[in-house]
Protein chains: 2
Amino acid sequence: MFTIDFEPVGRRGPCKPDQSLLESARELNVDLVSICGGTGTCGHCKVQIIAGRVTKRTLEEEGELSARELEQGFRLACQVYPLSDVKVHVPPESLTAPQRTQVEGLEVDVTPEPPVHAVDVTLTTPTLDSATPDDANLLSAVAQASSLHPSATDFHLQQTLSPRLRELNWSVSAAIRGEEVIAVAAPGTKWVGLAVDIGTTKIAAYLVEMFTGKTLAAKGLMNPQISYGEDLVTRIVAASKTPADSAKLQGLLVEALNQLASDLCAETGLDVETIVEAVVVGNTAIHHLFLGLPVRQLGFAPYVPATCAPVEIKAHQIGLKLAPGAYLYMLPNVAGYVGADHVAMLLATRTADFDKTTLAIDIGTNTEICLNHKGQMTSTSCASGPAFEGAHIKFGMRAAPGAIEHMRLENDRLEIQTIGAEAPVGVCGSGLLDVVAQLRLNGLLDRSGRMMEHPRIHKGTVAEFILAERPGQDPVTISQKDVRELQLAKGAIRAGIQALVAAVGLGEEDIEQVIIAGAFGTFIDVGSAVMIGMLPNLPLERFSQVGNAAGTGARLALISMSQRAKAAEIAARDGYIELARVPNFQRKFAEAMYL
Amino acid sequence: MFTIDFEPVGRRGPCKPDQSLLESARELNVDLVSICGGTGTCGHCKVQIIAGRVTKRTLEEEGELSARELEQGFRLACQVYPLSDVKVHVPPESLTAPQRTQVEGLEVDVTPEPPVHAVDVTLTTPTLDSATPDDANLLSAVAQASSLHPSATDFHLQQTLSPRLRELNWSVSAAIRGEEVIAVAAPGTKWVGLAVDIGTTKIAAYLVEMFTGKTLAAKGLMNPQISYGEDLVTRIVAASKTPADSAKLQGLLVEALNQLASDLCAETGLDVETIVEAVVVGNTAIHHLFLGLPVRQLGFAPYVPATCAPVEIKAHQIGLKLAPGAYLYMLPNVAGYVGADHVAMLLATRTADFDKTTLAIDIGTNTEICLNHKGQMTSTSCASGPAFEGAHIKFGMRAAPGAIEHMRLENDRLEIQTIGAEAPVGVCGSGLLDVVAQLRLNGLLDRSGRMMEHPRIHKGTVAEFILAERPGQDPVTISQKDVRELQLAKGAIRAGIQALVAAVGLGEEDIEQVIIAGAFGTFIDVGSAVMIGMLPNLPLERFSQVGNAAGTGARLALISMSQRAKAAEIAARDGYIELARVPNFQRKFAEAMYL
């Protein structure tokens, strides 16, 4: 056993000689970027060995790291095993957190019709004359004090009810859901709910008052499954190995949600046992991974979901620590690659209600697109890939401090804007979009995406545009290869939009409004996106950026039963188009890659 | 760490220096008798140190063991800690198993109306054109192939359904319960149920075909909670310490039931995943301990149950490993000391249906008694104590091989009958009853229970009647103190019967039939029981002994929904009398102790 020390994050702990630094990082909750899942092929888990002895360089490392990096002691954490105690420096670009997460979204503006009600009651103190069972005592007190007539006590609540009633001296607030009493607490308790949007990369959680719909607090967190691979297919493969792997991936999410619940409660001075309901949304794979449902069949055509129906279970069944009888409600999925988060987004954006032809789009590793034309809703999903999250981009990174998020080039005057105004360490998705748009605008890229001659463009093995020089370090660049990656991503999205519009007999010009949802969509420059042809060439006033609409949809479903019914109706109404089956899709995709 | 070796059972394993031999025995599943729960006061966990060094004798051991035993190296396992590797001999009387357990009972003679139905179906193989979610695919196949219309798939089943459907190549037998599909298996599967009667001391389990009601196999096992104390109050105290203790006591029972399920399935060549329903009965404390419900409040007046309602939960919620969506149904309790096993007994014996005045009685550590007089049912419970199980009786033991179970004394000619016809090692409950009856009959005891002069009666500090000489060992005896213990037990039962009969305005002579249920009741000599005044002095033909009626009641409820309804009706109809509130009960109890 050796000791490992990750700096500057300051995490220390034991490590075994047969444990890679990446594995040690995972154990110590140091969130290293790992896109390839530890095979040494993505080059993202870069760390610097500061002290101690480790195993020799691998061929993978020599392929992925520059000569200068190798010289400076940079290594790939997944390739390195300790030979003594070690001290490791983790550069910011290798850390998935801290990072900007998006919790803001649309207002929750519906009248609460919550699934849970509450009433303050006083029970009869039992005597030898009348030793009424504790559960019956509670049920009859509720029936006497209210118009609610629960017929049962949640079993999990029963397991703690007897001492609880005595501690509270027979006076309690009872939370009731349908036929069941699901929680008791001191009289006057403020009962709350938890709404969560689990993204492939980020989690956004909201603590909401059940009876007013007021959002009391919101918090974002990285999806901890990232250390098992940034893209869904890698995680599906990881979870399909053994039941223990599946349980591990599920456990990471459950733990994260318990942490978020506990943090949000700490922030608002509440007890997690006052959370009586949770609504969670995510894409279909995340939905399945979170619930411990099988995912292997999602990874291959025909991409069959285990279920698309709304799932309503006791939260504790999967290990969530909320009120004893709290329910977890998962919005319905539409298809293998159109999930509950898409349904939540459609619910929050009111896409289903518009008379004008509306395109709603949530851009990510998978981009989901829905077209509502005169009430006919059709959705599709396109594999836009993780380029916007920084994968396969040489200096790609997520929206963390130091990421170049915007860029302007005018008359050879280059301006960059980084997150947190810190020294540039890489480029995030919105930055990449701007860079390519600006290069094209200035004629540094041709229509096919080829880099032209220019003083800022270095023509080595691969042409590179220099974004920012850094003293003593390699400059931050965008390479010809990076441009190709972006073209793949944006081409997939545009071809998806075109196929969807064509499928209902329209042209892109018929789209009367475009709603862009999701964290990434919030931060992009729509002009740049139109410029490079990722989004249709429509007047800019037809576009709106709405933030984390999926999170808002989850909040709506949390506090309103009729919003849940509406979500079910949306999922049922929403037709799904499988792009793999669209005639000539590959050709259209290739065309859409032009700038 | 030392090594410990228990012989002749042949269990070996590691033991720590701070772990008593009793604790080591528990860990190695050597079922040592421990009535006091390890405090050194019951003297039942006797073992012989054969090799190795151990800690010195305690005062407790000097009080509990005879000089001869001490000389022979006998120790109390709860008082001894190892100082080296040790080898320990466990005499048969210190082992709770093997032991006669009662699984036989009344016939199950009702028409099955099972809660579960099954249908063989073939699903549609999904394609890109029609990638129906797996659960929806199954539900629609069931709806097409049968008149059943389940609307959901059990969540736990969903967690394995997708690979299962593919393994079975889309052809399955689906088990359906109400609105839910709860299991799938190969077409033509024989679906079964598990009925269990958990006694304070013994567990009886039955594997039953769901659609015919046929009992395929039966098996008995000791209640493993015994190592935490033989009586319920000791276990209630143990379980009330911390949630971990409660979970430990629950876990022991759950594990035992999983073992029984697995053994019964192995015996019949079935898979435990074909067990689609379980019905479990037990007294109220056992019911609560098994479900992990709070018991502390059961231990003090007014003895309030956490619940008396029927409990219906998913079996896996408490860790039972049956079919994925199998339900566990617990029959209702009546009061803190009249539980679901009593209800099951009343159901099986048809006590509620008789026009003649009927007394039904289940004798044990707690004895439950029910009187049905013209349809008015009244029950009570009396603390008869663990004397029948061998506790507080010098040579007391349970019905294990070598136990004297019957005795006759005629003209100074003494005949004893032991279980398994083995050399006598002690006296079980039915033997104790016979001994006292025979001594009284022969004038060796007076009405007050005092031992007279007789060649077989040794008058030391305490008078003792010699039952069996054993070469090289202390003889097996019944002492004056043992007689007093029996008088306490039988007095409690008789006083309970009298109070119950009086409460409905009758005399004992009005009882037209007496049904004696339970394992102990099956093995007693009714004549002896009447002779010593444990049972009312009625013509012997009014008595019947029916075996494990509680187990039969559980089997009835397992396969018939109308039997469940009937059990609920019995529990609701059954009035409860608290003996602590009967005027002058203590005086009546004292009177009932006379022989």
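**A residue to start with**

Modeller: Let's begin with Glu64(B), which lies in helix 2 (residues 59–64) of chain B. Helices (H or I, at least four residues) and strands (E, at least two) are DSSP runs, numbered from the N terminus. This is a predicted model: local features need pLDDT of at least 70, side-chain atom pairs count only at pLDDT 80 or more, and totals for chains, interfaces and linings use all residues. Residues are numbered from 1 along each chain as its sequence is written, while chains are lettered from A and ligands numbered from 1 in the order in which they are written.

Biologist: Is Glu64(B) buried or exposed?

Modeller: Glu64(B) is buried, because 22 other C-beta atoms lie within 10 Å. A residue is buried if 20 or more other C-beta atoms lie within 10 Å of its own, exposed if 12 or fewer, and partly exposed in between; the C-beta atoms are placed from the backbone.

Biologist: What is Glu64(B) in contact with, leaving aside its neighbours within four places in sequence?

Modeller: With those neighbours left aside, Glu64(B) is in contact with Gly43(B) and Leu76(B). Two residues are in contact if their C-beta atoms, placed from the backbone, lie within 7 Å.

Biologist: And how many residues apart in sequence are Glu64(B) and Lys46(B)?

Modeller: They are 18 residues apart in sequence. In space, Glu64(B) and Lys46(B) are 9.5 Å apart, C-alpha to C-alpha.

Biologist: Let's zoom out. How many helices and strands does chain A have?

Modeller: Chain A has 16 helices and 27 strands. Its C-alpha atoms fill a box of roughly 95 × 65 × 40 Å, taken along the principal axes.

Biologist: How is chain A divided into domains?

Modeller: The domains of chain A are domain 1 (2–94), domain 2 (116–185), domain 3 (192–330) and domain 4 (349–595). The bounds come from an automatic or database domain assignment. The centres of domain 2 and domain 4 of chain A are 53 Å apart, taken over C-alpha atoms.

Biologist: What about the inside?

Modeller: Buried residues make up 55% of the 595 residues in chain A. The largest nonpolar core has 339 residues. A nonpolar core is a set of buried Ala, Val, Leu, Ile, Met, Phe, Trp, Tyr and Cys residues joined through C-beta atoms within 7 Å.

Biologist: Which residues have the most contacts inside that core?

Modeller: Those are Ala344(A), Val427(A), Ala344(B) and Val427(B). Leaving aside neighbours within four places in sequence, the contacts of Ala344(A) include Asp197(A), Val281(A), Ala550(A) and Ala554(A).

Biologist: How many residues of helix 14 of chain B are buried?

Modeller: In helix 14 (residues 549–559) of chain B, 11 of the 11 residues are buried, so the helix is largely enclosed by the rest of the structure. Arg555(B) is one of the buried residues.

Biologist: Now the pairing. How many residues of chain A are in contact with chain B?

Modeller: 37 residues of chain A are in contact with 37 residues of chain B. Helix 5 of chain A gives the most to the side of chain A that touches chain B, with 7 residues. By class, that side has 22 nonpolar, 10 polar and 5 charged residues. Here Ala, Val, Leu, Ile, Met, Phe, Trp, Tyr, Cys and Pro count as nonpolar, Asp, Glu, Lys and Arg as charged, and the others, Gly among them, as polar.

Biologist: What rotation superposes chain A on chain B?

Modeller: A rotation of 180 degrees does, with 0.0 Å of shift along its axis and an RMSD of 0.1 Å. The two copies are thus related as by a two-fold rotation axis. Copies are superposed by least squares on the C-alpha atoms of residues with pLDDT of at least 70 in both. Gln317(A) comes closest to the axis of the residues of chain A, at 3.9 Å (C-alpha).

Biologist: Why do the copies meet through the same surface?

Modeller: They do because 100% of the interface residues of chain A are also interface residues in chain B.

Biologist: Where is Arg350(A)?

Modeller: Arg350(A) is in the loop between helix 9 (340–349) and strand 16 (358–362) of chain A. With 15 C-beta neighbours inside 10 Å, Arg350(A) counts as partly exposed.
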